[in-house]
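Please open the structure in a viewer and keep the sequence beside it. Each stop of this tour names a selection and then describes what is found there.

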Amino acid sequence: MKVRKEQNQPEAVPTKAEMDVLQVLWKHGPATVRFVHDTLNEQKEAVQYTSTLKLMQVMTEKGMLTRDESSMKHIYSPVLEEDKTKGSMLTRFVDNMYDGSVSNLMMALLGNDKTSDKELKVLKEMLKQLDDKA
């Protein structure tokens, strides 16, 4: 099912809770509310089933999910594409937090305590490959 977007309507930006639902559906494919709810509860603090149900209903109204009602169990599927959604959110993040500067973002990431030596080695190799292509 294709969701039509009004010309003036801004692109849907998922909230943190909506992204959690989308992550489950992107990873596991179309699923019931019960599956999404149980998966979310394995990953973080417990939330009520009715809260997950309502969130997914709202996401359907926003055009982020579709709902197949052809069987007793309603199956929800993501409308938003993972790469496009993450790319759009990353662009907004870089624009808002680093004034659009990817190099400033990279410097902040590389200076972060969470960046391991192994990750730094991989990044250096990627940069070398990019440099060799240029």
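**First stop: helix H2**

Select helix H2, residues 33-43. Helices here are DSSP runs of H or I with at least four residues, strands are runs of E with at least two, and both are numbered from the N terminus. Within H2, the residues Val33, Val36, His37, Thr39 and Leu40 are buried. Buried means under 20% relative accessible area, exposed means over 50%, and partly exposed lies in between, with a 1.4 Å probe and protein chains only.

The model is predicted, so local features need pLDDT of at least 70 and side-chain atom pairs count only at pLDDT 80 or more, while totals for chains, interfaces and linings use all residues. Residues are numbered from 1 along each chain as its sequence is written, and side-chain values use heavy atoms, with hydrogens and water left out.

Now select histidine 37, which lies in H2. Is histidine 37 buried or exposed? Its relative accessibility is 5%, so histidine 37 counts as buried. Apart from neighbours within four places in sequence, histidine 37 is in contact with Val47, Gln48, Tyr49 and Thr52. Contact means heavy atoms within 4.5 Å. For a distance to check in the viewer, pick histidine 37 and glutamate 61: they are 24 residues apart in sequence, and their C-alpha atoms are 19 Å apart in space.

**Second stop: helix H1 and its two partners**

Two packed helices are described by the angle between their axes and the distance between the axes. The axes are lines fitted to C-alpha atoms, for helices over the stretch in contact, and angles run from 0 to 180 degrees between N-to-C directions.

Select H1 together with H2. Their axes come within 10 Å and cross at roughly 110°. H1 and H2 are therefore roughly perpendicular to each other. Angles of 65 to 115 degrees count as roughly perpendicular, under 35 as roughly parallel, over 145 as roughly antiparallel, and the rest as oblique. On the H1 side, the contact is made by Asp20, Val21, Val24, Leu25 and His28, and on the H2 side by Phe35, Val36, Thr39, Leu40 and Gln43. By class, this contact of H1 with H2 has six nonpolar, three polar and one charged residues. Ala, Val, Leu, Ile, Met, Phe, Trp, Tyr, Cys and Pro count as nonpolar, Asp, Glu, Lys and Arg as charged, and the others, Gly among them, as polar.

The axes of H1 (residues 16-28) and H3 (residues 49-62) come within 11 Å and cross at roughly 90°. That makes H1 roughly perpendicular to H3. Here Ala17, Glu18, Val21 and Leu22 of H1 meet Leu55, Met56, Met59 and Lys62 of H3. The residues of this contact of H1 with H3 divide into six nonpolar, no polar and two charged.

Select leucine 53, which is placed in helix H3. Leucine 53 is partly exposed, with a relative accessible area of 25%. Leaving aside neighbours within four places in sequence, leucine 53 is in contact with Val33 and Tyr76.

Select strand S1 (residues 65-68) and S2, which pair in the antiparallel sense over four bridges. Two strands pair if DSSP finds at least two bridges between them. S1 and S2 form a hairpin, with six residues between them. Which residue of S2 is the bridge partner of arginine 67? The partner is tyrosine 76. Threonine 66 is also found in S1, and at 16% relative accessibility threonine 66 counts as buried.

**Last stop: helices H4 and H5**

Select H4 and H5, which pack at an angle of about 85° with their axes 9 Å apart. That makes H4 roughly perpendicular to H5. Leu90, Phe93, Val94 and Tyr98 of H4 make the contact with Val102, Asn104, Leu105 and Ala108 of H5. By class, the contact of H4 with H5 has seven nonpolar, one polar and no charged residues.

Finally, select aspartate 99, placed in the loop between H4 (82-98) and H5 (102-110). Aspartate 99 is exposed, with a relative accessible area of 75%. Phi of aspartate 99 is near 50°, a positive value in a residue other than glycine.
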